[in-house]
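My notes follow in the order I looked things up.

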Amino acid sequence: MIKIIHLTFILLSISSFIGRIILSQTHPSILKQRALKIAPHVIDSLLLLSGITLVIQGGWLSSDFGWIIAKIIALIGYIILGVFVMRKRGPLRWIAFLGAMTCFIYIGIVAVTKNAFFFI
Ligand code: HEM
């Protein structure tokens with residue numbers, strides 16, 4: 001059940017991120033609405049909370065948990081780069097976007113493989 005909630009917030013997070021980028025290019029004034037400013041923080045907090053719940057529920061801290069630390073670090077990268085994407089303009093924005101997407105895909109692969117160094 002919690003895993004389904006976790007997966008739902010992952011989908012909400014990535015779709016709201018991409019949605020906000022599209023809106024900032026096409027209808028930037030819509031993004032000034034209070035609800036659209038708060039929603040991403042609520043979604044990302046609940047995503048983190050569902051992840052922490054899965055860690056506790058699955059007793060992952062009593063096993064080899066390096067992959068969980070890697071996920072949390074990459075999540076911080078995804079959030080910081082996401083803030084950059086929304087604040088910057090020009091090429092820097094798209095470099096930050098690529099970085100954020102790389103973090104997101106890395107987190108997903110680490111979740112499935114349970115290996116922070118799956119690429120070696
Ligand atoms: C953008 C952020 C995240 C993404 C894309 C993501 C992705 C995923 C995916 C795809 C799964 C399912 C893996 C499977 O069934 O094999 C999963 C499970 C899980 N995630 Fe996340 N996750 C994110 C954030 C987090 C965070 C921040 C934590 C920890 C604080 C976390 C902890 C877990 C745990 C413990 C599981 C359960 C693993 C299992 O039972 O096999 N996740 N995550």
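**Entry: S13.** I listed what S13 touches, leaving out residues up to four places away in sequence, and got I43, D44, L47 and Y78. This is a predicted model, so I keep that in mind throughout. S13 is found in helix α1. Buried or exposed, I wondered about S13? S13 counts as buried because its relative accessible area is 2%, and the cut-off for buried is under 20%. I then checked for a polar partner: the side chain of S13 makes a polar contact with the side chain of Y78, at 2.9 Å.

**Entry: overall fold.** I stepped back to the whole chain. The secondary structure comes to four helices and zero strands, and from the N terminus on the elements run α-α-α-α. Along its principal axes, the C-alpha trace spans about 50 × 30 × 15 Å. How much of the protein is buried? I get 31% of the 120 residues. I also looked at sequence separation: among contacts between residues at least 6 apart, 68% join residues at least 24 apart.

**Entry: the iron site.** Which protein atoms are donors to the iron atom of the ligand? I found NE2 of H6 and NZ of K71, lying 1.9 to 2.1 Å from the iron. The two link distant parts of the chain, with H6 in helix α1 and K71 in helix α3, 65 residues apart. I looked up accessibility too, and both H6 and K71 are buried. For the geometry, the iron has six donor atoms, the angles among them run from 82 to 177°, and the site is octahedral. As a reminder to myself, the ideal angles for six octahedral donors are 90 or 180 degrees.

**Entry: around the ligand.** Next I went through the shell of 20 residues around the ligand; K3, H6, K71, I107 and K114 come nearest. Which helices supply at least two residues of the shell each? They are α1 (2-26), α2 (34-57), α3 (66-87) and α4 (91-113). The largest share comes from α2, with six residues. By class I have 15 nonpolar, two polar and three charged residues in the shell.

I noted the polar distances to the ligand as well. A polar side-chain atom of K3 is 2.9 Å from a ligand oxygen atom. For H6, a polar side-chain atom is 2.9 Å from a nitrogen atom of the ligand. For K71, the distance from a polar side-chain atom to a ligand nitrogen atom is 2.6 Å.

**Entry: K114.** K114 is among the residues that come nearest to the ligand, so I checked its backbone because most residues other than glycine have a negative phi. K114 is not a glycine, yet its phi is positive, about 60°. K114 lies in the segment after α4.

**Entry: G51.** Last stop was G51, which lies in helix α2. G51 is buried, since its relative accessible area is 17% and the cut-off is under 20%. I also took a C-alpha to C-alpha distance here: G51 and L7 are 9.6 Å apart in space and 44 residues apart in sequence.

Terms used:
Residues numbered from 1 in each chain as written. Predicted model: local features only at pLDDT ≥ 70, side-chain atom pairs only at ≥ 80, totals over all residues. Heavy atoms only, no water. Near = heavy atom within 4 Å. Polar contact = N/O pair within 3.5 Å; in protein donor to acceptor, adjacent residues only side chain to side chain. Nonpolar A, V, L, I, M, F, W, Y, C, P; charged D, E, K, R; others polar. Buried < 20%, exposed > 50% of the residue type's maximum accessible area, 1.4 Å probe, protein only. Contact = heavy atoms within 4.5 Å. Donors = N, O, S within 2.8 Å, 3.2 Å for Na, K, Ca; no water. Tetrahedral: all angles 85-135°; square planar, octahedral: opposite > 155°, others 65-115°.
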